[in-house]
Amino acid sequence: MLLKATDLHKRFGGLQAVSGVNLTVGEREIVGLIGPNGSGKSTLLSLLMGIHRIDGGTVRIGETDITGWPPHRIARSGMSMMFQHSRPLLQQTVLENVLLALLPDSMLNFRFSEELRGRARAILGQVHLTEVADRLPGELAFADLRRLELAKTLAAHPKLMLLDEPFAGLSATEVREFSTLIRTMRDEGRSVILVDHNVKGVHALVDRMVAMSSGAKIADDRPDRVLADEQVRRVYLGSGASGTAVAASQTSSAPILEVADLTVRYGKACALDKVSLTARQGEVTAIVGLNGAGKSTLFHAVCRLVRSTGSVHFDGHAIADNTAQIARSGVVLCPEKRELFGDMTVFENLRIGGSHLPVADFRQRIDFVETLFPRLAERRKQNARTLSGGEQQQLAIGRALMMKPKLLLIDEPTLGLAPVVLDLISETIEKLRASGELSLFIAEQNITFALRHANSIHLLEQGQIVWSGPTHRFVDEVGHKVL
Amino acid sequence: MNHPATAAPSILRRLPFSTTALAWLAVPCLIALPFLGLSEYAIGIFTLGLFFAVYAMGWDLLFGYAGEPNFGATFLIGVGAYTAAMLNSNGIAPPWICVIAGSVMSVIAGVLLALPALRLRGPYFGLVTLVAVLILRQLIILFSHQTGGEIGIAVPDVLTLSAVANYEIALACAIVSAIMIVLVARSPFGLILQAVGQDPLNAQAMGFSIVKYKLAAFCYSAFFSGLAGALMTFYMGTASLNVFVDASVGVQIIIAAIIGGRRTIIGPAIGGVFLVVLGEYMRPFGRLSELIVAVIALLVLLFLPNGLLGLLKLKRSAR
């Protein structure tokens, strides 16, 4: 075995990010690490690389126990990592960026030898960047920047490469090219662990697949067997069988939010590509898609938290120009990370949400929220940080409700929550629908959850809407793509 | 792959030959400067400016490359200056030995400070360096019998009495420092240092022990700061708190480095001379002059965050 990690544990504050994971990687093996957002995949990579301190368990490369080693030492012992977000040195050329990765960890090295330059050029050739070797990274296309990162990873002559989301932001063609590159790495005798949300892309590429959920390993087998595994389907892909909960009430009420041709670019990556959709009054609308598809970006663009082109109409009028005005006009975002004020009490968090309300309104609003969420009333004086994950989500929604939204955007309501807590959130969504006060727009990667509540669904793939329609048609028409 | 049309071989050479050539052209001009009929007073101002240039270059290596803002530049300078002054005033050593001892002591003090401080994350390193200045200041006041306290300490010896010779000594110090710091900044070591400063996590994952490099950069910066500090003590004839161990002098150095251009080494050197000469030129305006300098610094920060030399670089890469 090249890598053998045994019983790894990692805790961040109250969150058990990785619990009791065993992982082995053999020679010349590509292992795909899959799991929903927040399931602990990236944390696991960081533990292997020594970036986070391991709370329990051991890691071995070959015969060497590297548990607790600092990352720079691990990097010199045959493991190297490609980060999802890392920036090259912008004032240095592509070649120099690779040279950097080739340098020994020595301070007495004051010149770049020709031999080193030759090796850097050879590596650039391997990833097909030879023509741009003398350019600055700022001039490169997004996919080429990823190639540069791969080149840096290769420079260390790793036996094992850890690739965190290597395909994020790449087009289908580029994903294929990258997959070919990764196969070449294996043919050269290296092993690879790659984390990805794009299960289909990974499926064809990997020799073995490891699935994670809530910090634990739930499957470890050949890719087809893992994808067929009942538990994996349930936590990650959605069981697909329960698209029945929503009443077939196909009323066509007036639109409350109309988005047309909304486009967002982050530098060179196109995060949202001419998205058009409608959310209707009094309904629950869902936008589903894998992580990185652009769901959060859509919400951010609607609330003008990111620059975008295209138009957004709320309640028949063009939406306001700045985030604060948008919130006052009734479009309130409940963000993915919840953004609670951890050191404030539950009540203080709610009060901040309702700080613009007159006293009478405020009382009435607090009553509304506390009736909706009795748990919050019980825990009024408790610090938000000490709440459980499900309660924190309730508080985040409660705080958003204090702002009297007409349209509530909830980004990933079930993110990082244990299956048992899901029911709590389900109940919340249904209570909100029943209150008749507002329309809901939720972004979800848990498709089962979306199917259970939404009246209509939009499927987002790499920044584009690929399907829109009423929920009951979803499973038949595009179920095979995502389930 | 669809690379953007493979254009002519990079127009964007990072180290265009012209910069280096320009620098070498400037050296004889600088050497000749005092012979161009300047008054002794004016020569004196330039001499001070050159010492300031060395401080600013040392600061830039730390901030521009290693990414650590050193708010306590005068801690390093002060250790160099006071070491030299105390050795000389007690008749222990001749001036040149005192100068060398000053730079060595500055490195030692720098290591003692940086070893614990560099393990801190975020803005804490900068805060520790700031506190170090205050502590050194209080220690000097506390041990006023040996250090002269708030009055300062006079050095009996001088390196030379001639204004021109003093200028040339300061110039030699500045040129040697510039060459050494630029060489290091452009070497593999400098490249690693930039990676450490910009993305420490990635640098670690590439196999570089970041504390080691930051510490080395700190030592390097300390050596030249101490050297210039000690030389300046002999030039001024005294070591005093308000000149050598003062957080506001540290701020001046930062302003000089930022006006000149971060991560260019030579830019901060120009900024250092510029700031001292400007301060002198505006001395008649009294307090107002400090305000003007601060406003200039603010404007540069807001509109030219890469400084004057950074602007040149930017222009070139836009071509």
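Two residues are said to be in contact if their C-beta atoms, placed from the backbone, lie within 7 Å. By this rule, in the predicted model shown above, 29 residues of chain B are in contact with 35 residues of chain A. Which helices of chain B each supply at least two residues of the side that touches chain A? They are helix 8 (188-198), helix 9 (200-205) and helix 10 (210-236) of chain B. Helix 8 of chain B gives the largest share of this side, with 7 residues.

Attention now turns to a sheet in chain A. Here 6 strands form an open sheet, in the order 16-17-18-13-19-20, with mixed pairing. Strand 16 (331-334) and strand 20 (464-470) of chain A are the edge strands, each pairing on one side only. On average, neighbouring strands of this sheet are turned by 15° against each other, direction ignored.

Strands of a sheet pair through backbone hydrogen bonds, either parallel or antiparallel. A parallel example is found in strand 17 (residues 407-411) and strand 18 (residues 439-444) of chain A, which are joined by 5 bridges. Within this part of the sheet, A:Asp411 stands opposite A:Ala443 of strand 18 of chain A.

Helices accompany these strands. Helix 15 (residues 389-402) of chain A packs on the sheet, where it touches strand 16 and strand 17 of chain A; the direction of helix 15 makes about 165° with that of strand 16 of chain A. Helix 10 (residues 295-302) of chain A lies across strand 13 (284-288), strand 16, strand 17, strand 18 and strand 19 (456-461) of chain A, and runs at about 145° to strand 17 of chain A.

Technical notes. Residues numbered from 1 in each chain as written. Chains lettered and ligands numbered in written order. Predicted model: local features only at pLDDT ≥ 70, side-chain atom pairs only at ≥ 80, totals over all residues. Helix = DSSP H or I, 4+ residues; strand = E, 2+ residues; numbered from the N terminus. Pairing = 2+ DSSP bridges. Axes fitted to C-alpha atoms, helices over the stretch in contact; angles between N-to-C directions.
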